[in-house]
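Please view the sequence and the model together while reading.

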Amino acid sequence: MIDKRYIGHVLPRFSTQAEKGRLRFFAKAIGQTDRIYTDEGAARDAGHRALPVPPTFLFCLEMDAPNPSAMRDLLGIDIAKVLHGEEHFTYHKMAYAGDTLIFEPRIVDIYDKKNGALEFVVRETRVTNQDEELVAELRNITVVRHA
Amino acid sequence: MTALKFDSVRVGDELTAFTAPPISRHTLALYCGASGDHNPIHVDIDFAKQAGMDDVFAHGMLSMAYLGRLLTNWVPQQALCSYGVRFAAITHLGDAITCSGKVVEKFEQGGEKRVRLELTTANQAGDIKLKGEAVVALP
């Protein structure tokens, strides 16, 4: 069982950059054909200051942490048993290619269902930018299957 | 993009649904690299089998990104207030994922006019894979 004393645990803070080449690769991978996500001229014509970071990409940037498995290592979770339960984003400010984004994740809940056959870890992450503006809040539910 | 107005949107309005090409191993390899989600269970069949799965399977976040396209096809991204999904079932190789959404509520919050959308992805058999919700602000 995952130790519930980690509820409230603050995970290492880190910063990362949204790189435009990576954003273009992501657009290709998800079949995005709207040019504002790949062409800086089209982005500017649409009123953006650079290529926008698309709605779910903040989750990807969260995996750019120096140790992307920090939470699993801390809680002793085997990656082979992990499923993604839920993901939620609350948006406050657009993020763009070239921005430096600061991620502050913490574990907010740990619980189980089906007599421990499934365990759940809830993580919330605050994302701010280089101007200390709040960009978004992420809420992730990781499921660990033991059956 | 024609600017959508709050007053012209009605509860029950549907977003223009689309279907992504069937998920292939190549789709998953590209998403693995581009997303930075390097969990081998999505790309390495040997690892997936050792983990008790029949084969590799799609990243939930790939489908969430498809649904994100549905949203940004409908409104400019800066109109998005929140977006969340529950991964109800695993998306498998060969699944052709249809993204759909509809307006379920119109309301005002913090001086903004907002609409709530209900979102789903389903495969070719109609099996629901993701259930989500988004709130967007409209002028």
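**A sheet across two chains**

In this predicted model, strand 4 of chain B and strand 5 of chain B form a hairpin that leaves five residues between them. Within that turn, Gly126(B) has a positive phi of about 85 degrees. The two strands run antiparallel and are joined by nine bridges, strand 5 of chain B covering residues 128–137. One pair of facing residues here is Arg114(B) and Ala137(B), the latter in strand 5 of chain B.

Strand 4 of chain B, residues 112–122, also pairs with strand 3 of chain B, residues 98–109. This pairing is antiparallel and extends over 11 bridges. Along it, Lys102(B) stands opposite Glu118(B) of strand 4 of chain B. The hairpin of strand 3 and strand 4 of chain B has two residues between the strands, and Gly110(B) takes a positive phi near 55 degrees.

Chain A may be considered next. There, strand 4 (residues 118–128) of chain A runs antiparallel to strand 5 (residues 134–145) of chain A, and 11 bridges join them. Glu124(A) stands opposite Arg139(A), which lies in strand 5 of chain A.

These pairings belong to a wider arrangement. What is the order of the strands in the open sheet? The sheet has 10 strands, in the order 1(A)-3(A)-4(A)-5(A)-2(A)-2(B)-5(B)-4(B)-3(B)-1(B), with antiparallel pairing. Its edge strands are strand 1 (14–17) of chain A and strand 1 (18–19) of chain B, each of which pairs on one side only. In general, strands of a sheet pair through backbone hydrogen bonds.

Technical notes:
Residues numbered from 1 in each chain as written. Chains lettered and ligands numbered in written order. Predicted model: local features only at pLDDT ≥ 70, side-chain atom pairs only at ≥ 80, totals over all residues. Pairing = 2+ DSSP bridges. Helix = DSSP H or I, 4+ residues; strand = E, 2+ residues; numbered from the N terminus.
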